[in-house]
Structures are given as structure tokens and as C-alpha cells.
Amino acid sequence: MHEMSLAEGVRNIVEESACAHGGKRVERVVLQIGELAAVEVEALRFCLELILKDGVADGALIDIEITPGRGWCAQCASTVALAQLYDACPQCGSYRVQATGGTEMRVKELALAATWGQSAS
Amino acid sequence: MCSVCGCGSGELRYNGKPAAQSGANKATGPTRSYAFRPLQAQPAAGRTTTPDRLDYGSGPAHAHAPGLSQAQMVSIEQNILGKNDALADANRRWLTERGVFTLNLVSSPGSGKTTLLVETITRLAGSVPVTVIEGDQQTEFDAERIRATGAPALQINTGKGCHLDAHMVGTALTRLPIAERSLLLIENVGNLVCPAAFDLGEAHKVVILSVTEGEDKPLKYPDMFAAADLMVLSKIDLLPYLKFDLARVFDYAHRVNPRLVMLPLSATSGEGFDDWLAWIRSGLARSGASCKPSTECMS
């Protein structure tokens, strides 16, 4: 879907955070994307590659941690693994499973280049 | 412009007039375009990929590159859509304080959103004040159809954008005469994918699915049906001419979202319309009750 909008969101967070911590160059960006977050990870990488160009995180390594999807099964009255929104409960086969986790899209952390490694820009 | 879904920025318009730019688009000028990049033969670090399977949706992707030990790690823990969500919260507060019941109507193009709106406004005329925000990539056609009913409407043209966001709606709120204890209908850009992720500050997302689209849409585009609280099944006057299984679409929609409420209706024949109006009126009653006593809306 709108991966470019998400990439813009990542860039804003990365640039503001790097600035707040006095970082001149970001070496690595760690993202957390939920399995049920409706994000195409490869499309997001592609957009990030474009949008981070010429900024503090130009060329930064993008690490994407996928957090597992979770749902609440009304039949079992318990939390179960959920890989797709339309999947049945792996325990009882019921479709009465409401997604409860794995929908997040977060910038988790950044690696800022050490002082001696800063580029001239 | 995004090569994935056509999403882009820089062409946003309100009632046909250009919006001021935030300056956040410096890396992607409107004239730049990018061709689709073929997938690399070697899988990216951490992706679960085998020779006969390219999996874009699963797998542990936490790969740490060597040689970065000198770097300073900074914990951020910020939601990527946090800026939109904060603006949406501000919109929601503004609307709640005034007792405005707000619906975000989402669907694919051509499901009958505008017709549903026109019929709703006509039937509520004289009893409930209605204001409309219209989202489309181009033209003011929809706003003009709404204005013809007498209701105030603002058209947002997103240009290349594939969805409305909270900032656009926040701007629209300042430009519309929105009455206290009224109904605000936001007709999102016709797109069954992107608007699912963007909170605008609404009370409910309402997904509209027309019977001509087929029963399998909830499974094909699950995110939208998961994000919605109500599904309006529109154009049911056409059912005699179609092979459309009502029970199956309800089953598919409930697989994605067990809490989804279903309302089959036809704006043409009027069938089911009273249920839709009753659902709106109960929402209006709740919004009116939550109206803050400190505001002048305690009339």
C-alpha cells in the first residue's frame, strides 16, 4: 500500500531523532513491523532507499524486525498465533479471532556513527 | 510518486485551490519517477525466501551487520504513523467536544459512496445537520453532488495521493461550518487498501461494498474490513441480476473481523435504509451525550 507515506514517516522520525541526539550520520535504522500491519516490507525497503538519499541516513542499513501476529479467539478464550487477519484459530478452527497484536509499525532504534567516524557534511 | 500504489504528494488541493506545502517532500520532487526494481536474486538479510517462494509477509528479519560496534545505539520506539495519529487524536477531541458524530466512509471506487451520502442527507434533512468532506484524487464532482442537497461540502483533491490523512481533515475542519451535535461524513478516496491505515479522528470507519464487486473482497482486501466497525452492503436492488451469495460475504467479512456489523441496503429502492439511519441516529445520540458540559453545546 502507501509505503512511500510510511517511508516519509520513518525519515521524519530518523532525522528528528538524529538531530536531537547530535548525530550527523545514521548507520543503521531498526524498524519493528507487525506481521498483520499491512506493510510490504520489500516495498518499504525500496521506498526507504529512495527517500533517505542525501539525508543523515543515506545508505544506512535497514533492519526490519517482524513481530508475530496475535489474535484473541472467542471460542478458546485465549490468545493464539495469527499469521493472516482471515486465518482460523490454530487450536479450534473457529474464525472468531480478533487481531490483538502484530499490527505495529515502529522505528525501534538508530545506530549513530561515532564522533570520529562522522562525515564532513 | 510511489511506484507501489500511485501514492504521492505535492498536488494536494482544497476546493480546487493548492494547499501550502509542508516542505517535507524535498527528496521526492513531483517530476521524479522510478521504475519497479526487480527483486534481487540473493534474498535480503532476514527475509524468509526459498527458490520457489518469495515471502513478503513473514520471517524473522533481525539481521545485525558486523563492524558497527563503534556506533551509538539510540532507542526511539516511535510509531511510524505517530504524527498522523497525534493529529487524528486532536481532530477527535475537537469533534467529540462539539458532539459531532463522524464517519469515515471507505470503499473501492464506484461502490456507491456518494449516492449513499446524497440519499442519507436527503432523508436526514430537517432533523440532523450534516457536513461532508469529500476526498478524491481530482475534480469537484462529488462535492457538487453533495452541495446540490443543500449540505455544506469541502472537496479535498489529493493529487497523486491514495488516501486522506489526519492533517488534511484537520485543515478541512477549520474551513467548514460544522454545527454542534451534527453528523460529519468523510468520503475517503475510493481505494480499498491505503485508507485502512490512516486514522482521521472519526468515530467509526464504515466500509461500503457493493454487490457487483463480488463476495471475496473481504478476504482479498482484509485490512480495510478489519479496520471498519460497520460494513454497508450496497446496491442490493441488483441482487436478482447477479450471482452473489449474501451468506458467503457475511462469513468472509466475519473471518476477517468477527465484530463487524453488516447492513445490506439499496439507496435506489430504499430497502434497508431505515436500519442505516437508525444506526446513525444511535451514534448521534451517543456523541451528543459525550458533548462536554464546558462548551456552549450545553444548550
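**Two helices in chain B**

Modeller: Start with α1 (residues 82-97) of chain B and α4 (residues 166-175) of chain B: their axes come within 8 Å and cross at roughly 30 degrees. Axes here are lines fitted to C-alpha atoms, for helices over the stretch in contact, with angles from 0 to 180 degrees between N-to-C directions. That makes α1(B) roughly parallel to α4(B), a label for angles under 35 degrees. Helices are DSSP runs (H or I, at least four residues), and strands too (E, at least two), numbered from the N terminus.

This is a predicted model, where local features need pLDDT of at least 70 and side-chain atom pairs count only at pLDDT 80 or more, while totals for chains, interfaces and linings use all residues. Residues are numbered from 1 along each chain as its sequence is written, with chains lettered from A and ligands numbered from 1 in the order written.

Colleague: Which residues make the contact?

Modeller: From α1(B), N84(B), L87(B), A88(B), A90(B), N91(B) and W94(B); from α4(B), A166(B), H167(B), V169(B), G170(B) and L173(B). Contact means C-beta atoms, placed from the backbone, within 7 Å.

Colleague: And D165(B), is that buried or exposed?

Modeller: D165(B) is buried, with 25 other C-beta atoms within 10 Å; the cut-offs are 20 or more for buried, 12 or fewer for exposed, and partly exposed in between. D165(B) sits in the loop between β8 (153-157) and α4 of chain B. Leaving out residues up to four places away in sequence, D165(B) touches N84(B) and F198(B), and N84(B) is also one of the α1(B) residues in the helix contact.

Conventions. Angles under 35 degrees count as roughly parallel, over 145 as roughly antiparallel, 65 to 115 as roughly perpendicular and the rest as oblique. Two residues are in contact if their C-beta atoms, placed from the backbone, lie within 7 Å.
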